[in-house]
Amino acid sequence: MPAKKLNLRKRYELLTRGMGWETTYQKMDDVFPYDSFEGIKITDWDKWEDPFRLTMDAYWKFQAEKEKKLYAVIDSFAQNNGQTNLSDASYLSAIKLFITGVTPIEYAAHRGFANLGRHFRGDGARVACQMQAIDELRHQQTQVHTISHYNKHFNGLHDPFYQFDRVWYLSVPKSFAEDAMTAGPFEFITSISFAFEYVLTNLLFVPFMSGAAYNGDMATVTFGFSAQSDESRHMTLGLEIIKFMLEQHEDNLPIVQRWMDKHFWRAYRLLALVAAMQDYMLTNSPMSWKEAWDVYFVENGGALFEDLSRYGLRMPKYHELATAEAEHVSHQVWSVFCSLGNATGFHTFLPTEEKMAWLSEKYPDTFDKYYRPRFEYWAKQKEEGTFEYQKGLPQLCQICQIPMIFTEVQTDPMQISYRVTEHGGDKYHFCSDGCKDIFEHEPEKYVQAWLPVHQIFQGNCGGPTLPEVLEWYKFAPEDSGDYIGSQDHARWQEWKGADKKVKEA
Amino acid sequence: MSDKKNTVFLIVQDNEDARPIIEAVEQDNSAVNIQYQPGLVRMEAPGRLIVNRETVEEEIGREWDVQELHLVLISLAGNVDEDEDKFELSWH
């Protein structure tokens with residue numbers, strides 16, 4: 001008689017319990033040297049439970065099936081010249097920002113979770129982190145494979161990983177990822193799995209991938225949703241680790257709360273780039289940044305923190321400000337990119353009349369009042385040939401590394417939000433109280449920040465002039481500037497023109 | 001937005017594999033609100049949402065492993081409780 005099939009819980013227990021053991025040749029603290037210095041107290045690692053209970057054989061089976069589906073779509077997309085079905089080639093600016101700014105974070109997450117998969121003392125947590133490390137590598141690889149098709153036809157996609165380590169606006173995601181990776185394992189997982197993946201990742205992937213579907217980008221929709229299916233597991237891990245830390249010892253609460261406050265603000269600032277992608281770079285946007293914020297943060301984040309309040313955890317600090325800023329950030333970030341469009345690895349473009357009508361409708365209290373006049377002024381200048389890009393380099397925030405573009409939205413939306421503090425006789429500048437608080441808690445860490453503007457002035461980025469810096473970034477002249485009149489634009493016109501001729505014939 | 005304080009949701013791809021799951025959710029969760037957005041389907045419910053293996057199996061006429069849900073899953077909100085017979089989301 002065949003052995004009775006074990007149930008899911010039992011199979012998962014066999015995978016994650018008893019795989020580890022109490023070491024005797026070496027002290028446990030020497031085998032796992034990093035999981036205690038942060039002050040998190042764990043009394044019983046066996047209380048760790050992964051709600052998905054995915055066993056290794058099931059993991060390989062389902063991941064293999066996801067890959068087969070994805071690569072079938074990628075093949076067919078390439079064979080059928082899927083790039084010609086985009087709503088407009090200007091949409092690809094969003095994909096260029098994605099492959100240079102987001103894909104390298106996937107790789108950073110892979111490294112981080114591989115590290116945790118070795119260094120957590122509990123075997124259940126190690127197994128979950130090992131699976132996630134493989135997932136993150138898969139995401140990075142599938143994104144590169146998928147987007148490489150666009151690289152055959154469009155500019156600006158040729159060297160994302162090299163650029164991630166150098167380019168001024170890419171230091172925003174890079175510094176976020178490296179801040180987490182240089183923290184201890186519990187802070188890393190709080191940052192990436194909880195603050196980023198659970199609380200905020202829906203804002204990146206759901207509306208953005210839905211936006212890709214809305215703009216005819218079948219390839220991106222497919223890798224995006226394939227990655228998201230893993231992401232649901234990662235989010236669940238994030239929630240689990242928070243509950244686990246809070247249940248293990250009451251002393252963990254203040255530490256977790258501080259990490260939550262810090263990494264919520266870090267991740268939220270990073271998403272300012274996504275806000276611009278969603279409202280401006282997508283030719284057709286299925287949902288505004290503000291709408292996505294209301295659904296995925298205000299509503300779902302609210303439900304989440306209500307659930308966690310039984311442990312004493314409260315909403316992250318400055319979340320009210322983030323909600324107030326939702327009316328402003330996308331416009332502010334896109335303005336900066338447009339005003340420095342000669343130094344971006346993607347094309348910029350002013351919003352069309354149609355886009356501005358949509359923005360007025362989605363942002364009735366702010367767009368017409370504060371931002372439309374700016375875009376219309378620039379449009380007029382471009383028409384008259386008097387438009388000039390910014391010549392100076394912007395002041396950066398020491399923490400989020402975004403130029404000082406955010407404003408006092410709760411009091412005077414036209415006033416730049418500017419904070420300063422002193423440390424070791426030097427002044428440090430910040431875009432917000434959130435970023436300033438982070439610095440003041442760990443100044444020794446953040447005085448070391450690699451700030452692109454400072455680095456240019458110190459002579460570390462190829463030279464003092466813009467062409468030298470851009471060459472050092474490996475930006476080709478055709479990668480930057482206005483979309484209208486670019487090689488990408490010309491190619492698109494050629495295809496669409498050819499398409500028209502075929503229809504006429 | 002206070003009335004939505006305890007919303008749980010399950011988002012799946014808008015494709016053939018997900019359809020029986022969506023139909024099963026519709027049958028077994030009377031309070032569910034189903035929204036079709038480009039490429040995806042968002043199912044939200046107050047407090048609790050369940051996918052039952054049996055209901056999905058009736059829809060497709062074959063055995064269905066609850067973990068096949070992973071193939072179409074995009075996102076979720078709520079505490080997960082999964083076993084052989086169901087996949088459940090809830091806030092405490």
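Start where the two chains meet: select the 35 residues of chain A that are in contact with 27 residues of chain B. This is a predicted model, so keep that in mind as you look around.

Now colour the helices on chain A's side of the contact. Helix H1 (8–16), helix H3 (56–79), helix H9 (185–214), helix H10 (218–248) and helix H13 (289–308) of chain A each bring at least two residues to the side that touches chain B. If you switch to colouring by residue class, that side of chain A shows 17 nonpolar, 9 polar and 9 charged residues.

**Along H3 of chain A**

Stay with one of those helices and select H3(A). Its 24 residues reach 34 Å from the first C-alpha to the last, close to the 34 Å expected at 1.5 Å a residue. Next, show the side chains of A:Tyr59, A:Gln63, A:Lys66, A:Leu70, A:Ile74 and A:Phe77, which are the buried residues of H3(A). What do the buried residues of H3(A) pack against? Bring up helix H6 (123–151) and H10 of chain A, and you have both partners in view.

**A stop at Ala109**

Move on to helix H5 (residues 103–119) of chain A and pick out A:Ala109. Is A:Ala109 buried or exposed? It counts as buried because 26 C-beta neighbours fall inside 10 Å, where 20 or more are needed. Leaving aside residues up to four places away in sequence, A:Ala109 touches A:Glu136 and A:Ile192. Draw a distance from A:Ala109 to A:Glu136: the two are 27 residues apart in sequence, yet their C-alpha atoms are 6.2 Å apart in space.

**Over to the sheet of chain B**

Hide chain A for a moment and select the strands of chain B. Here you will find an open sheet of 4 strands in the order S2-S3-S1-S5, paired antiparallel. Strand S2 (33–37) and strand S5 (73–77) of chain B are at the edges with a single partner strand each, so one side of each has no neighbour in the sheet. Look along the sheet and follow the twist, which averages 15° from one strand to the next.

Zoom in on S2(B) and strand S3 (residues 40–46) of chain B: they run antiparallel and are joined by 5 bridges. Within this pair, B:Gln37 is opposite B:Leu40 in S3(B).

Notes:
Residues numbered from 1 in each chain as written. Chains lettered and ligands numbered in written order. Predicted model: local features only at pLDDT ≥ 70, side-chain atom pairs only at ≥ 80, totals over all residues. Contact = placed C-beta atoms within 7 Å. Nonpolar A, V, L, I, M, F, W, Y, C, P; charged D, E, K, R; others polar. Buried ≥ 20, exposed ≤ 12 C-beta atoms within 10 Å, placed from the backbone. Pairing = 2+ DSSP bridges. Axes fitted to C-alpha atoms, helices over the stretch in contact; angles between N-to-C directions. Expected span 1.5 Å × (residues − 1).
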